Amino acid sequence: MTVSAETKRSGATESAKTVTITVNGRSVEARQGEMLLTALKRAGIRVPTLCHLENLFPSGACRMCVVEVDGFANLVPSCACPVTEGMSVKTHSPRALRARKTILELVLANHPDDCLYCVRNDNCELRALAAELGVRQRRYVGERRQQKEDLSSPALVRDPEKCILCGKCVRVCEEVQGVGAINFVGRGSATRIAVAFDEGINLSSCIYCGQCIMVCPTGALREQSHIKEVMDALKNPEKFVVVQHAPSVSVTIGEEFGLKPGADVEGLLVAALRELGFDRVFDTAFAADLTVMEEASELVHRIKTGGKLPMMTSCSPGWIKYVEEFYPDFIENLSTCKSPQQMLGAIIKNYFAEKQNIAPEKIFSVAVMPCTAKKFECGRMEMLHEGIPDVDAVLTTRELVRVLRMRGMDFKSLTPQVADTPFGDRSTAGKLFGATGGVMEAAVRTAHYLLTGTDLPDLKVEAVRGMTGVKQARLHIEGKDIGIAVVSGLGNASRLLDEIRAGRNDLHFIEVMTCPGGCIAGGGQPHSTNLNAVKERMQALYRIDREGTIRTAHGNPAIKRIYQEFLGEPLSEKSHHLLHTHYHKRDVLV
Amino acid sequence: MTDVETTQEKTTVVDRILTEYPQGKRDALIPILQEVQAQQGYLSREAIVKIGKHLGLAASKIYGVATFYNQFRFQPLGKFHIQVCRGTACHVKNSTAVLDTLRRELKIEPGETTRDGLFSLEVVACVGACGLAPVICVNGEFYASMTPAKTRRLIEEIRERAEEHGN
Ligand code: SF4
Ligand code: SF4
Ligand code: SF4
Ligand code: FES
């Protein structure tokens with residue numbers, strides 16, 4: 001196979017021209033035209049922000065980042081101030097500090113004093129800022145907004161009273177995800193973030209990606225917690241409680257226990273889950289291998305029989321909902337494969353239950369996921385099997401961290417353990433699912449094998465790796481020319497779909513991940529997630545793959561066994577019954 | 001049956017209005033909203049979704065813009081549309097008490113319509129009848145020098161009238 005990559009680099013390269021500015025009396029190098037805040041950050045000078053979002057157009061709404069700039073009478077928001085040669089800046093002058101503190105005190109005027117009970121109390125940016133700026137009393141008392149929590153959705157909860165109207169959620173939802181489920185509504189003191197018609201978010205176009213939770217500086221947005229359900233099941237002797245963990249979790253969760261970003265703690269994670277009392281610990285990456293087998297076969301089948309192309313991946317539930325709402329004309333393009341979470345759920349409650357002689361309704365199946373949309377996915381009607389859900393509860397990485405802390409577990413000092421057979425054995429291809437491009441790479445490896453009977457000489461498919469939002473390449477396998485694209489962030493997906501709607505027809509297979517960068521940057525990941533951590537997590541997945549012994553789904557003995565013993569072959573009747581599904585157009589307030 | 005018919009009717013009205021703005025420019029949003037409300041009395045969900053598709057704007061955004069202005073409502077007008085004047089003269093003569101009475105009696109906020117569809121409430125800037133302050137206006141008819149007690153009686157009367165008609 002040969003690969004020709006046509007990787008598009010998103011984001012214009014900044015002009016290289018360097019300028020020198022003076023910050024707090026010392027000179028600092030900066031790039032002409034970049035925002036002052038960016039230059040300060042590079043120079044290691046921290047100016048607090050509340051509304052700033054990396055890589056998006058500055059909104060200048062919160063004014064928390066104000067600094068003194070010579071020649072300007074007023075304080076200047078550094079996030080929205082382009083650097084110019086010779087500029088002289090004071091970032092922490094008494095005047096700037098006083099202004100920030102006053103701004104914060106005004107923000108706090110109508111804020112509930114709920115820190116003790118708040119889900120964000122250990123990582124709230126507002127609370128941290130109040131500490132940093134030395135706010136020790138309530139100087140302004142504003143009328144408290146009285147708004148009910150929005151508990152209407154299966155994935156996220158909105159608590160408007162804790163909202164400080166920074167607008168980050170609105171911008172991420174619209175500009176990054178292309179959804180626009182929420183917006184500023186009303187005016188003056190009645191301004192709020194709301195869904196159209198002030199409805200519950202369940203009636204909106206929200207795809208439950210949780211990216212708004214990731215950027216929210218406060219406890220105004222959080223996941224719909226499944227901790228209680230899981231704890232109840234764990235202490236119920238009648239229940240057989242199994243857990244699966246997604247590929248991205250083991251390269252993330254260590255950070256919350258003091259390890260460097262990118263540390264892989266698979267063994268510790270398995271040990272911790274056992275310690276919590278789960279009867280079996282499985283690896284979602286096993287089901288990712290299964291997904292690859294089914295999906296690669298489906299692709300080959302579609303190409304050979306003139307089926308609907310380009311085929312699009314279906315592992316990311318936010319993306320599925322997005323297509324159902326915004327692009328229903330592409331539903332047939334979606335692979336019929338369930339996501340790895342749901343495949344494993346179905347396999348556990350059927351194959352495993354039967355083998356172990358456990359009644360499926362006695363099994364409580366938990367999934368640890370980097371994702372809030374997975375909570376929605378597990379409750380979808382399509383994911384019930386004779387009335388029993390394939391997966392009963394989903395804990396985000398964040399929730400698992402909370403549970404482990406609650407149990408006082410000294411995570412780092414546990415002795416690493418290996419997952420249970422048979423669904424603990426995975427290839428490293430399945431593990432790659434955690435990063436954008438991973439599904440594609442895994443599928444290409446297996447599709448190549450299916451088409452040629454041999455493995456790719458070098459299994460690595462460089463063209464689909466990395467953080468870039470849109471990656472495209474052409475594969476030449478046995479005289480076949482196959483166009484592939486890998487997209488993360490639904491704004492990017494939407495642009496690609498528009499091209500296809502307008503007639504573009506050179507693509508055969510498209511991987512879409514809802515969250516920019518893939519699951520390693522999912523909406524259920526720890527709040528400490530930043531671009532650097534995401535890149536490290538990605539490298540960790542590549543390292544695992546590089547060092548792995550089984551690097552293809554079709555080469556995974558556990559996968560071979562399940563086909564021999566149970567499923568028959570990919571796309572068999574049994575596979576269709578358990579591992580595939582269909583999606584439907586959805587009417588919501590778009 | 002009637003529901004379906006009304007929906008279809010609404011749809012065509014909005015469609016017709018949208019054809020007057022073929023380029024789908026976003027600065028046309030306010031005029032479009034005004035026209036739709038002028039013709040239908042309010043901004044329905046169907047209308048907002050439709051306008052959004054035409055202009056490439058999310059429904060939440062249109063709702064956000066529309067709620068920024070006082071003039072838009074999102075529920076159909078009631079059989080009896082009550083406008084409460086909040087001009088300075090009325091304010092001085094305690095129109096607040098009148099408005100509060102209406103809120104309590106009807107259990108709705110300005111911009112809303114009662115569930116039975118009988119009443120809708122709106123707050124308007126000066127209606128130019130300052131001599132009658134505080135004044136309210138029901139389906140175009142003025143009621144002068146309102147007090148909470150008079151307001152309650154008026155509502156009572158309207159309800160009774162409606163009941164007779166209903167029977
Ligand atoms: S959002 Fe932050 S400041 Fe507000 S109650 Fe929660 S922890 Fe405290
Ligand atoms: S979960 Fe995603 S789609 Fe829903 S409001 Fe948040 S950012 Fe928007
Ligand atoms: S919900 Fe959070 S992110 Fe959105 S405006 Fe409020 S504080 Fe900001
Ligand atoms: S961070 Fe600069 S104005 Fe909010």
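Tutor: The backbone oxygen of B:T147 is 2.6 Å from a polar atom of the side chain of B:T151. The model is a predicted one.

Student: What makes the pair B:T147 and B:T151 a polar contact?

Tutor: The distance is 2.6 Å. The cut-off is 3.5 Å between N or O atoms, with one able to donate a hydrogen and the other to accept it. The pair is therefore a polar contact.

Student: Why is B:T151 called buried?

Tutor: Its relative accessible area is 1%. Buried means under 20%, so B:T151 qualifies.

Student: Which element holds B:T151, and which residues does B:T151 touch beyond its neighbours within four places in sequence?

Tutor: B:T151 sits in helix α7 of chain B, residues 148-166. Beyond those neighbours, B:T151 contacts B:V98, B:T101, B:L102 and B:M146.

Student: Now the interface. Why is the pair B:K61 and A:E174 called a salt bridge?

Tutor: The N to O distance between the two side chains is 3.3 Å. The rule asks for a Lys or Arg side-chain nitrogen within 4 Å of an Asp or Glu carboxyl oxygen, so this Lys and Glu pair meets it. Between chain B and chain A the count is two salt bridges.

Student: Which elements of chain B give two or more residues to the side that touches chain A?

Tutor: They are α3 (45-55) and α4 (59-68). The largest share, seven residues, comes from α4(B). By class, this side of chain B has nine nonpolar, four polar and three charged residues.

Student: How much area is buried between the two chains?

Tutor: About 1,400 Å² is buried between chain B and chain A, with 58% from carbon and sulfur atoms. B:R45, B:S60 and B:Y63 supply 43% of what chain B buries against chain A, more than any other three residues. The contact takes 16 residues from chain B and 19 residues from chain A.

Student: How many residue pairs are in polar contact across that interface?

Tutor: Seven, with both residues at pLDDT 80 or more.

Note on methods:
Residues are numbered from 1 along each chain as its sequence is written. Chains are lettered from A and ligands numbered from 1 in the order in which they are written. This is a predicted model: local features need pLDDT of at least 70, side-chain atom pairs count only at pLDDT 80 or more; totals for chains, interfaces and linings use all residues. Side-chain values use heavy atoms; hydrogens and water are left out. Helices (H or I, at least four residues) and strands (E, at least two) are DSSP runs, numbered from the N terminus. Buried means under 20% relative accessible area, exposed over 50%, partly exposed in between (1.4 Å probe, protein chains only). Contact means heavy atoms within 4.5 Å. Buried area is the accessible area (1.4 Å probe) that two parts lose on being put together, summed over both. Ala, Val, Leu, Ile, Met, Phe, Trp, Tyr, Cys and Pro count as nonpolar, Asp, Glu, Lys and Arg as charged, and the others, Gly among them, as polar.
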